[in-house]
Amino acid sequence: MKYLLLFLTTFLFDNSGTPLPILAASTLISAGRMQTGLAFFEIYLGLLSWDSLTFFAGKMLKPLFSRLNWKVFQKILREFSNVYISSEKILILFCKFVPWVGKATPFLAGYMERPLRTLPVIWTGDLIYESVFFFTTLTAGRVFLEFSKILGIVLFAVVMIVYLIWKRKMRKFIEKH
């Protein structure tokens with residue numbers, strides 16, 4: 001049941017750029033309540049499922065969105081498409097690190113009629129994203145539980161600061177390109 005819940009929370013929330021399911025899983029693993037491999041697999045499966053669903057939704061809904069006469073919606077979609085086209089190679093791989101962009105990128109890839117070979121690149125980005133946060137927070141959790149609460153808190157703070165700096169740099173890089 002806890003692994004199903006982990007999958008569902010990852011599917012629904014983790015693509016927003018906030019790794020809360022990963023943090024929760026790492027904490028439970030450190031406390032001995034979850035298995036590392038199974039938790040990693042469930043998180044990755046949640047990311048893959050969301051990306052695949054939204055990629056194919058983008059492909060299927062393009063005709064419908066093209067016929068809609070919502071000028072505001074069309075303008076937003078056009079702007080997102082321009083950002084997507086101008087930074088596609090870097091955006092596809094690292095979209096999960098930028099909040100909410102990770103949710104929209106697979107949809108835009110489908111909407112822009114990118115070939116199916118785009119999905120494995122997005123999935124690779126998922127693997128990078130999950131690996132970075134999963135193993136960093138897992139290490140921080142184990143340090144926290146085994147050695148020192150202060151050391152664990154400092155390590156966690158450093159990880160979050162690096163994440164926030166990385167997020168800001170990626171956002172600026174994507175906006176620039």
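Analyst: Axes here are lines fitted to C-alpha atoms, for helices over the stretch in contact, and angles run from 0 to 180 degrees between N-to-C directions. The model is predicted, so to speak: local features need pLDDT of at least 70, side-chain atom pairs count only at pLDDT 80 or more, and totals for chains, interfaces and linings use all residues. Numbering starts from 1 along each chain as its sequence is written, and side-chain values use heavy atoms, with hydrogens and water left out.

User: What makes α2 roughly antiparallel to α3?

Analyst: Helix α2 (residues 20-30) and α3 cross at roughly 170°, their axes coming within 10 Å. Angles over 145 degrees count as roughly antiparallel (under 35 roughly parallel, 65 to 115 roughly perpendicular, the rest oblique), so α2 gets that label against α3.

User: Which residues make that contact?

Analyst: Contact means heavy atoms within 4.5 Å. Pro21, Ile22, Ala25 and Ile29 of α2 meet Thr36, Ala39 and Ile43 of α3. By class that's six nonpolar, one polar and no charged; Ala, Val, Leu, Ile, Met, Phe, Trp, Tyr, Cys and Pro count as nonpolar, Asp, Glu, Lys and Arg as charged, and the others, Gly among them, as polar.

User: And how do α1 and α3 pack?

Analyst: Helix α1 (residues 2-13) and helix α3 (residues 36-67) pack at about 35°, axes 8 Å apart. Their contact has eleven nonpolar, three polar and one charged residues.

User: How much of the chain counts as buried?

Analyst: Buried means under 20% relative accessible area (1.4 Å probe, protein chains only), and 42% of the 177 residues qualify.

Terms used:
Helices (H or I, at least four residues) and strands (E, at least two) are DSSP runs, numbered from the N terminus. Buried means under 20% relative accessible area, exposed over 50%, partly exposed in between (1.4 Å probe, protein chains only).
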